[in-house]
Amino acid sequence: MIKVINPSAVSLSGDREESGKGSSGRILYFDCLESLAIFFVVSIHRPWLDETVISNLSYFLWRTAVPLFFMVHGALMLGRDLTIRQSLKRTLWIFLQLIAWMTIYLVISFLAGRITLDDLTLGNLYRYYINTASFVNEGLVGGVSVYHLWFTYALIFVYLSSTPV
C-alpha cells in the first residue's frame, strides 16, 4: 500500500519528519517519482503505439524522465553537509565510471570489427574521451557512439557545482 504524505512534512535540510519516511527511512514520494522516471526512460526507448496521436503526445511526457531524475537527486542532495573531500570523491567516482563505460564501448566496437587499430589515433582518442561534443558531431571512425552518456557529464557538473567552498 502506498502511503500518501504531505510534501511539507519533509524538510530538505536533511531532517526527515516521521510522516515522510518509510520503514527504511527513505522518502516515499521521491521513490515513487524515481520509479515513474524509470518507467518513462523505458517508454522513450520502446514505442508503445506506433505513429498514433497518443504515441506522439505521450512521447513528450516520457521526455521528462531525465529532468525528473535530476530534480529528485538535487532535492536529496540539498542540505547535506558534505566536505570538499567527500564531494570530490563522489565526483571522481562518477567520472571513473564514465571512463570505464566509454572504454567498454570502445573495446566492444573493436572486437566487433567496427573500428581497427588504425582508427585509434591519439586525435580520435582525444575526441572520444575529452572532447565528446566534437566526437558526437564528427564521430570516431567506425561510429562508436557514447552520446547516450550525456547525462553523466551533467551529473559531474551538478556534483562539482554543489561542492562546498
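Rings of Phe, Tyr and Trp (its six-membered ring) pair if their centres lie within 6.5 Å; planes under 30 degrees apart are stacked, over 60 edge-to-face, the rest tilted. By this rule the count comes to 5 aromatic pairs. This is a predicted model: local features need pLDDT of at least 70, side-chain atom pairs count only at pLDDT 80 or more, and totals for chains, interfaces and linings use all residues. Residues are numbered from 1 along each chain as its sequence is written, and side-chain values use heavy atoms, leaving out hydrogens and water.

**Phe39 and Trp62**
- The ring centres of Phe39 and Trp62 are 5.5 Å apart with planes at 90 degrees, so this pair is edge-to-face.
- The pair links distant parts of the chain, 23 residues apart: Phe39 sits in helix α1 (residues 28-45) and Trp62 in helix α2 (residues 53-62).
- Helices here are DSSP runs (H or I, at least four residues), numbered from the N terminus.
- Trp62 is buried at 12% relative accessible area, whereas Phe39 is partly exposed at 39%.
- Buried means under 20%, exposed over 50%, partly exposed in between (1.4 Å probe, protein chains only).
- Ring pairs join Phe39, Phe40 and Trp62 into a cluster.

**Helix α4**
- Trp101 and Tyr105 form a tilted pair, 6.2 Å centre to centre with 40 degrees between the planes.
- Both Trp101 and Tyr105 lie in helix α4, 4 residues apart, about one turn of the helix.
- Trp101 is partly exposed at 46% relative accessible area; Tyr105 is partly exposed at 28%.
- Trp93 also belongs to helix α4 (residues 84-111) and is exposed, with a relative accessible area of 54%.

Key:
Helices (H or I, at least four residues) and strands (E, at least two) are DSSP runs, numbered from the N terminus.
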